[in-house]
Amino acid sequence: MSRYWSPVVGALSPYVPGEQPKLLDLVKLNTNENPYGPSPKAIEAIRAATDDTLRLYPDPGSDRLREAIAAQAGHGITAAHVFVGNGSDEVLAHVFVALLKHEGRKLLFPDISYSFYPVYCGLFGIEHDTVPLTDDFRVEPQDYLPAGGQAAGGIIFPNPNAPTGRAMPLADVERIVAGNPQCVVVIDEAYVDFGAESAVSLVARHDNLLVVQTLSKSRSLAGLRVGHAIGHPALIEGLERVKDSFNSYPIDRLASAGAIAALEDQAYFEQTCRAIVATRDRLTADLQALGFEVLPSAANFVFARHPAHDGAALAAALRERAIIVRHFRRARIDQFLRITVGTDDECARLITGLKAIFSS
């Protein structure tokens, strides 16, 4: 601690990102990265963009990228409906400031959800309440509807949820959005392409809906840092005002080139998503055969616990075998492991490692 810190710094409980360990022959199943590389067309586009134009600032509006996102989104979405940022985390940070901070009305999000949400609330001074998931770890729409004269100042939740992987039907998403016209409802769709239904189709009907997505997962571009939001142009204008008060150039030339090419390579995107879903199904069956309870997942990870083995101990034992999974020391989920869907070979090594642990 330094005496020169601003008062807000000492009170922060920063987000702890997934570990990036430097171990030999590592099976890395802890940060939900795509096990397959980016589209070759994205790599080619990035290489082509490494020229003399790097001496120039990028387009502050990222117009070509926003047009590419709009074209991929469909449902009447135009560039005016799209906001882009340096990864979906930066997009979410601007969302919290621009759309979710309202004096006297609290932001609502699930008690088990993306752990960056309470961090942003602390950083930006946003009052919030957490809403418990059901006993089977679902988001219950009724819990987010105004009751007793109390109306939320904002609502945010991932769909599929993280770290549980459970997806909410689109009709339930719309029930929450339609039932809260007094505030913005943000659907964080980082994992939507692996089995959930996107809420982008609802944007034309609801001016209080904002959908946040990322190219880190299904487009294999976690190292490029490109995220975006889709919503009514008035919401996008609010985000732009915050962005231009913070950083007018969040998307560099290389990121824009790679992102556009990845979005345009639909065939590669669909191929890798299918492969991940197929591996997820096999991994789920293999874990269940070992006695694990595995929550239904629509993401590129599974959330599992074993009735006879402590979650933290399992994570530690796997690490000794150079297999890294994510364990959360949090109430209700401290016996679960969040396991990224890797390649077939990586998942086979995980199962082999678990069998060895159970037999030792």
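In β11, K28 finds its bridge partner in I324. The model is a predicted one, in which local features need pLDDT of at least 70 and side-chain atom pairs count only at pLDDT 80 or more, while totals for chains, interfaces and linings use all residues. Residues are numbered from 1 along each chain as its sequence is written, and side-chain values use heavy atoms, with hydrogens and water left out.

β1 pairs with strand β11 (residues 323-327) in the parallel sense over three bridges; two strands count as paired if DSSP finds at least two bridges between them. Strands here are DSSP runs (E, at least two residues), as are helices (H or I, at least four), and both are numbered from the N terminus.

Seen as a whole, the open sheet has five strands in the order β1-β11-β12-β10-β9, with mixed pairing. β1 (27-29) and β9 (293-294) each have a single partner strand and stand at the edges, so one side of each is left without a neighbour in the sheet. Helix α9 (residues 266-289) packs on the sheet and touches β9, β10 (301-305) and β12 (336-340), where contact means heavy atoms within 4.5 Å. The direction of α9 makes about 10° with that of β10, the axes being lines fitted to C-alpha atoms, for helices over the stretch in contact, with angles from 0 to 180 degrees between N-to-C directions.

Buried means under 20% relative accessible area, exposed over 50%, and partly exposed in between (1.4 Å probe, protein chains only). I323, V325 and H327 point one way from β11, whereas I324 and R326 point the other way. In a regular strand the side chains alternate between the two faces of the sheet.

Some backbone details lie in loops. Between β5 (154-158) and α6 (170-178) lies P160, joined to N159 by a cis peptide bond with omega of about 0°. P163 lies in the loop between β5 and α6 too, and a cis peptide bond with omega of about 15° joins A162 to P163. S62, though not a glycine, has a positive phi of about 45°; S62 sits in the loop between α2 (40-49) and α3 (63-73) and is buried at 6% relative accessibility.
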